[in-house]
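Please look over the sequence and the structure shown here before reading the report. The headings below take up strands, a helix, charged side chains and a ligand.

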Amino acid sequence: MTPALELRAVEAGYGPFRALFGVTLSVPTGGAVALLGANGAGKTTVARVASGLLVPSSGSVHVDGRDLTGERTFRYARAGVAHAPEGRSVFATFTVEENLTLSFQRLLGSEGLNDGLERAYSIFPRLGERRRQVAGTLSGGEQRMLSMARVLVEAPPVLVADELSLGLAPIVTDEIYATLEAIRASGTAMLIVEQHVGHALALCEHVVLLDKGTVAWEGPADDAADVVVSRLFEKSGG
Ligand code: ATP
């Protein structure tokens, strides 16, 4: 079966700096893959390449079997790849609803706006309660939900999520992962970049472990716990 998302032998970097060395990975349709690794291993770089935000210097990126290497980011979005970036990408001085309206109008057009808002508030009821609140005054977790809601407009075929739990209280992380379970159950394939290994292993059935820009190990999540602990933590003495 054609994978929802595939990276083949991807090399990528920033100017002269090479961050990825021949990374190959694949996310099956409706499947969930956790991308784990130490700080600086290249996880965010993979997420950026997978969403078309960074063009690889060699190798290729395929979305639902289509080679989109070198295409512009909106082509990835149109092919069904939603990217939830690291950090809180919201407009701080706009209300929750204004933030959602801005992205939904761009992604769905005016005619799809109300359906988009309804869907966002049903996935994230807290955002519905706070629709008139200025985004900059939301809690960190609520801002994270808002930045996810802005890209999860139409149950995308593929979600690339970068460090969703970064800087959040454990209870908020639990809530965000419960939402991800629900989004997954609706058929969205996922590439989940995480430092929070427990959550990632619970959500995803397959794990790719990156080390210094290469795939150091990959396999089923059930086998990953021991490998991840020995490679990620013991090596660093932590
Ligand atoms: P973290 O968990 O700390 O976010 P990561 O695994 O996501 O790490 P990346 O952010 O992909 O790692 O970074 C991979 C390498 O690329 C690192 O050595 C980093 O310093 C370098 N890098 C990342 N972004 C840039 C940039 N804009 N310019 C130059 N080098 C960069």
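What follows is a short report on selected features of this model, which is predicted.

## A buried strand

Strand E3, residues 32-37, has 6 of its 6 residues buried, so this strand is largely enclosed by the rest of the structure. In a regular strand the side chains alternate between the two faces of the sheet. For E3 both faces are covered, with Ala32, Ala34 and Leu36 buried on one side and Val33, Leu35 and Gly37 buried on the other.

The pairing of E3 involves strand E8 (residues 189-193), with which it runs in the parallel sense over 4 bridges, and Ala34 is found opposite Ile192 of E8. E3 also pairs with strand E9 (residues 206-211), again in the parallel sense and over 5 bridges, and here Leu36 is the residue that faces Leu209 of E9.

## An open antiparallel sheet and a helix across it

An open sheet of 4 strands is arranged in the order E2-E1-E4-E5, and its pairing is antiparallel. Its edge strands are E2 (17-27) and E5 (66-67), each of which pairs on one side only. Strand E4 (residues 58-63) is joined to E5 in the antiparallel sense by 2 bridges, and Val63 stands opposite Arg66 in E5.

Helix H1, which spans residues 43-50, lies across strands E1 (5-14), E2 and E4, and its direction makes an angle of about 120° with that of E1.

## Salt bridges

The count of salt bridges in the model comes to 7. One of them joins Glu11 to Arg18, with the closest N and O atoms 3.0 Å apart; Arg18 has a relative accessible area of 36%, so this residue counts as partly exposed.

Which residues are linked with Glu142 in a network of salt bridges? The network consists of Arg126, Arg130, Glu142 and Glu175. Within it, the side chains of Glu142 and Arg126 meet at 3.0 Å, N to O, and this pair links distant parts of the chain, since Glu142 belongs to helix H6 (residues 140-151) and Arg126 to helix H5 (residues 125-129), 16 residues apart. Glu142 also forms a salt bridge with Arg130, where the closest N and O atoms are 3.2 Å apart. Because Glu142 lies in helix H6 and Arg130 in the loop between H5 and H6, this second pair ties together parts that are 12 residues apart in sequence.

The accessibilities of these residues can be set side by side. Glu142 has a relative accessible area of 6% and is therefore buried, the cut-off for that class being under 20%. Arg126, at 25% relative accessibility, counts as partly exposed, and Arg130, at 30%, is likewise partly exposed.

## Around the ligand

The ligand is surrounded by 14 residues, of which the closest are Gly40, Gly42, Lys43, Thr44 and Thr45. In the side chain of Lys43, an N or O atom is 2.8 Å from an oxygen atom of the ligand, while for Thr44 it is a backbone N or O atom that lies 2.8 Å from a ligand oxygen. Glu163 also has a polar side-chain atom at 3.4 Å from an oxygen atom of the ligand.

How values were computed: Residues numbered from 1 in each chain as written. Predicted model: local features only at pLDDT ≥ 70, side-chain atom pairs only at ≥ 80, totals over all residues. Heavy atoms only, no water. Buried < 20%, exposed > 50% of the residue type's maximum accessible area, 1.4 Å probe, protein only. Pairing = 2+ DSSP bridges. Salt bridge = Lys/Arg side-chain N within 4 Å of Asp/Glu carboxyl O. Contact = heavy atoms within 4.5 Å. Axes fitted to C-alpha atoms, helices over the stretch in contact; angles between N-to-C directions. Near = heavy atom within 4 Å. Polar contact = N/O pair within 3.5 Å; in protein donor to acceptor, adjacent residues only side chain to side chain.
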